Each structure stands twice: as C-alpha cells, then as structure tokens.
Amino acid sequence: MQLLTGPTSPYCRKVDVLLRESGLREHVTDVMGSGTPIEPNPTTIASNPLGKIPALIREDGPTLYDSRVICRFLDTLAGGTFYPEGRLWEVLTLEATAEGMIDAALLMAYEWRIRPEEIRYEPWVEGQWSKIDRGLDVIEGRWMSHLEGRMDMGHIAVACALGYLDFRHDARGWRNGRPSLAAWYEEFQARESMVVTRPDR
Ligand SMILES: N[C@@H](CCC(=O)N[C@@H](CS)C(=O)NCC(=O)O)C(=O)O
C-alpha cells in the first residue's frame, strides 16, 4: 500500500502513529502528496478529488481517503484493537472532537500562510480558536478517565491534535488551566511512535 502523506500534516501523523502502534508500518510506503487549496498536488488529486492527504492507495481495492476512514481500515487489518467494539461510540466521538480541533487549527494556519493580509478577518480566526478552546475544556473536564485507560484511536487523535497546537499555535498556551490533559500529553508524547513522527523534525 502507498500512503500519500506530508511531513507536517496532523491527519497524516494520526495514520503514521497508528501504523507504528499496530505493527503495520512496514506494509505501507510513504509518497509525498502535500498541497493547499490554491496549489493542489497533482498526485493527490489523482487519488482524492478533494486534493487532501492522507490517502491510502491499495493494491486490492479502491483508494481510501480521510484519516478516519484510513485509520479504521488499517485497524481492521491489524486486528481491531484501536476501535474496540465495547466503547466504539466513545472512541469515535473523541476522535471526532480531536479532528474538529485539528480542522480549526489548520484553517487558522492557512489564514496566515495563504490568505493575503489585507483580506484576513480576525473574528473568524478567533472563532476557530474558540472551537479548539471548548474542545480542550471538554477533554479536560470529561474525557480524562478515558484517556487514562487502554490506548485506542481517541488517544492517538487527541495526541496528534495537541502536537499540532504545539507546532503551529504554541503562543496560545493550550496547557493553561488544563493540568490533567497537559500531564497526560507529557507522558503520551514520549512514546516512540510520537517522537519519530514529530512535525518539527
Ligand atoms: N478530514 C480530512 C482532512 C485532511 C486535510 O485537510 N489534509 C490537509 C493536510 S494537513 C490537506 O491535504 N489540505 C489540502 C487542501 O485542503 O487542499 C482527514 O481527516 O484526512
């Protein structure tokens, strides 16, 4: 299988961490496919009409895209431990929360990297940060017992979201007022799968 990926994408990092944690890494070859909405990558467009990475090109079936679809597929191949049946809806909801935070963080980054300064709209940027802020509060307030339990895709998604906040939005200080989540992340980010996939390498 080939994974269309990029070195700083938090969505691709989710897939990479799962590959490493589930022992499937050697079955997938990385192919660089980064692009932006205004400079799409031709290789990626050929595999995903949305022009987004990650996309997983399979030998025995159609290409899969969207990190959640790819992670669910890979987990099925690996034996199904990262989306455990007994707490599936919790895992999917936590993964969706983390994914929404990544979406907002990426839109904020696009705003300063891509949009010309004279047409930036600050309330829209702050509205994106509010989504992240509320997501962080809900994880700190309601999800810590889940995160302290056995690792599943929710853990990986939250860790990749927090890693992206450190990478692109460090000045916002997401740890302030969230001591439990900060302590959990400190430990989780030391895992080898997280260390070798850090976006600032
Ligand atoms: N929901 C998608 C989002 C993927 C996504 O937005 N990827 C970014 C890279 S971080 C991308 O390829 N952006 C290019 C574009 O939006 O045209 C997923 O989970 O895979």
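User: Where does the ligand sit?
Analyst: The ligand sits in the largest pocket. To sit there, more than half of its atoms must lie within 2 Å of the pocket's grid points. This is a predicted model, where local features need pLDDT of at least 70 and side-chain atom pairs 80 or more, while totals for chains, interfaces and linings use all residues. Numbering runs from 1 along each chain as its sequence is written, and side-chain values use heavy atoms, without hydrogens and water.

User: Which residues are closest to the ligand?
Analyst: Ile53, Asp66, Ser67, Glu99 and Tyr110 are the closest of 14 surrounding residues. A residue counts if one of its heavy atoms lies within 4 Å. H4 gives the largest share of this shell, three residues.

User: Why is the pair Lys14 and Glu99 called a salt bridge?
Analyst: The term needs a side-chain nitrogen of Lys or Arg within 4 Å of a carboxyl oxygen of Asp or Glu. Here the closest N and O atoms are 2.5 Å apart, so the pair passes. The two residues link distant parts of the chain: Lys14 is in helix H1 (residues 10-22), Glu99 in helix H4 (residues 88-113), 85 residues apart.

User: How do you know whether Lys14 is buried or exposed?
Analyst: Buried means under 20% relative accessible area, exposed over 50%, and partly exposed in between (1.4 Å probe, protein chains only). Lys14 has 0%, so Lys14 is buried. Glu99 has 4%, so Glu99 is buried.

User: What is the accessibility of Arg87 and of its salt-bridge partner?
Analyst: The partner of Arg87 is Asp152, with the closest N and O atoms 3.1 Å apart. Arg87 is in the loop between H3 and H4, Asp152 in the loop between H6 and H7, 65 residues apart. Arg87 has 26%, so Arg87 is partly exposed. Asp152 has 0%, so Asp152 is buried.

User: How many salt bridges does the structure hold?
Analyst: The structure holds 15. One of these joins Asp166 and Arg175 at 2.8 Å, N to O. Arg175 has 29% relative accessibility, so Arg175 is partly exposed.

How values were computed. Helix = DSSP H or I, 4+ residues; strand = E, 2+ residues; numbered from the N terminus. 1 Å grid on protein atoms, 1.4 Å probe; cavity = no way out; pocket = protein on both sides within 12 Å on 5 of 7 lines; lining within 4 Å.
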